[in-house]
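Hi,

Here is the structure I promised to pass on to you. Have a look at it first, and then read my notes below.

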Amino acid sequence: MPNWPPDPNKRPDNSANQPTQQQQPSPPSGQEWKVLENTLLASVVEQRRARRWSIFFKLLTFGYILLIFLTLGRGCSSAPTGMDAVDTSTPHLAVVELQGVISNDDVANAYDVNEALRDAFANSNSKAVALDINSPGGSPVQSDEIWQTMMDLRQEYPEKKLYAVIGDIGASGAYYIASAADEIYVNPSSLVGSIGVIMPSYNVEGLMDKVGVEDRTITAGEYKDILSLSRPLTDYEEKHVEGVLANTHKHFINAVKEGRGDRLKNPEQNKLFSGLFWTGEQSIELGLADETGSITSLGKQLDLDTIISYSPADPFQMFMDRFAVKLGAGIGSSVSLDVLPQESNTGQMR
């Protein structure tokens with residue numbers, strides 16, 4: 001057993017606790033150098049592989065973008081696109097589409113539709129032209145420009161008939177246009193008519209008072225704020241707006257009468273110009289349409305197996321449709337021919 005207590009005259013042996021002289025690390029052996037070399041080489045190989053994959057994906061992305069631009073370029077081409085992927089050198093039924101709201105900012109605009117109509121009539125191999133309509137209406141100006149072009153083309157090419165074929169809906173501005181055709185075909189369940197004018201207007205003055213909103217609109221001109229949301233219309237203003245709408249309505253009625261002529265059956269008694277709309281079957285009975293049919297059945301009736309669309313492709317719309325996304329087109333013109341109600345304080349013609 002150790003002596004206790006320790007001898008004070010004897011120093012303890014602390015040699016075991018004293019730090020030893022620092023030893024220099026020995027150089028790595030050949031085996032260690034080999035392991036280190038393999039590790040560095042593996043790192044270099046991995047970096048090269050990563051660079052190769054990076055280049056591959058960059059080239060793939062570039063090719064994909066290039067393909068999109070080529071597709072858009074073809075879509076924007078002025079050449080007609082055939083429904084059956086055939087050229088226009090064979091006898092065919094030429095089709096021009098009128099789809100959606102009629103507006104200068106939408107697909108159904110007067111410039112594109114009129115260009116397509118002119119191309120369709122100018123082709124000697126198109127034996128007839130059909131306007132494929134599926135629209136609730138829209139701008140009265142755009143509608144009238146298309147109507148006028150159709151009437152002019154009928155006079156310029158009297159040997160070539162122009163048909164209007166209404167699908168789900170051909171109302172208001174769309175019917176304005178359809179009335180310029182030689183004949184109107186409908187589905188029995190189509191919505192047809194709505195020969196009228198509307199200008200929605202709202203007064204939220206009471207609501208503004210409740211939430212503490214003050215109208216500070218400044219105008220130069222006594223009636224510049226005639227459609228303001230913050231105040232009601234005066235009697236004079238209301239009569240003025242009614243006069244404007246009545247004048248536009250008169251143009252609509254005259255266009256329909258000129259296009260349909262004696263085929264309209266008792267317009268006043270049947271309230272054809274009241275803004276009402278009917279089914280396709282009812283519209284035939286009223287003289288607003290002529291027969292039931294579709295683009296396909298019309299082609300068979302005319303003994304034309306080939307049907308070719310002259311409408312320019314819309315790449316943006318095709319892209320959005322592919323992803324099932326509908327984007328709003330924004331607020332249309334202040335006055336429009338439209339069967340569907342619009343939440344706006346500006347005029348809508350329906």
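**What I found**

You'll find Ser283 in helix α7, which covers residues 280-286. What is Ser283 in contact with, leaving aside its neighbours within four places in sequence? The list is Val186, Val192, Trp278, Leu288 and Ala289.

Before going on, please keep in mind that this is a predicted model.

Now for the chain as a whole. The protein chain has 350 residues, and 35% of them count as buried. Nine helices and eleven strands are found in it. If you take contacts between residues at least 6 apart in sequence, 74% of them join residues at least 24 apart. The chain exposes about 22,400 Å², with carbon and sulfur atoms supplying 55% of that area.

Next, a pair of helices. Two packed helices are described by the angle between their axes and the distance between the axes. Here, helix α2 (residues 110-122) packs with helix α3 (residues 140-156) at an angle of about 10 degrees, and their axes are 9 Å apart. Angles under 35 degrees count as roughly parallel, so α2 is roughly parallel to α3. Which residues meet there? From α2 come Ala110, Val113, Asn114, Leu117, Arg118 and Phe121. From α3 come Gln142, Glu145, Ile146, Thr149, Met150 and Leu153.

Gln142 is worth a click of its own. This residue of helix α3 counts as buried because its relative accessibility is 9%, and the cut-off for buried is under 20%. Not counting residues up to four places away in sequence, Gln142 touches Ile102, Ser103, Asn104, Asn109 and Ala110.

On to the charged pairs. Side chains of opposite charge can pair when their charged atoms come close. How many salt bridges does a search of the whole structure find? It finds eight, and here are some to look up:

- Asp290 and Arg260 meet through their side chains in a salt bridge, at 2.9 Å from N to O. This pair links distant parts of the chain, 30 residues apart: Asp290 sits in the loop between α7 and β9 (291-292), and Arg260 in helix α6 (residues 235-260).
- Asp225 and Arg231 form another salt bridge between side chains, at 3.0 Å from N to O. Both residues also belong to a network of salt bridges that includes Glu237.
- Arg216 and Glu214 are joined by a salt bridge as well, with 3.7 Å from N to O. Arg216 and Glu214 are both exposed.

Arg260 counts as buried because its relative accessibility is 2%. As for Arg231, its relative accessibility is 22%, so this arginine counts as partly exposed.

Last, the surface. Trp53, Phe56, Phe57 and Leu60 make a nonpolar patch of about 450 Å². Phe56 lies in helix α1, which covers residues 30-75. With a relative accessible area of 43%, Phe56 is partly exposed, because that label covers values between 20% and 50%.

Cheers

Technical notes. Residues numbered from 1 in each chain as written. Predicted model: local features only at pLDDT ≥ 70, side-chain atom pairs only at ≥ 80, totals over all residues. Heavy atoms only, no water. Patch = residues over 30% accessible without salt bridge, like charges linked within 9 Å, V, L, I, M, F, W, Y side chains within 5 Å. Areas by Shrake-Rupley, 256 points an atom, 1.4 Å probe, with all protein chains shown as cover. Salt bridge = Lys/Arg side-chain N within 4 Å of Asp/Glu carboxyl O. Helix = DSSP H or I, 4+ residues; strand = E, 2+ residues; numbered from the N terminus. Buried < 20%, exposed > 50% of the residue type's maximum accessible area, 1.4 Å probe, protein only. Axes fitted to C-alpha atoms, helices over the stretch in contact; angles between N-to-C directions. Parallel < 35°, antiparallel > 145°, perpendicular 65-115°, else oblique. Contact = heavy atoms within 4.5 Å.
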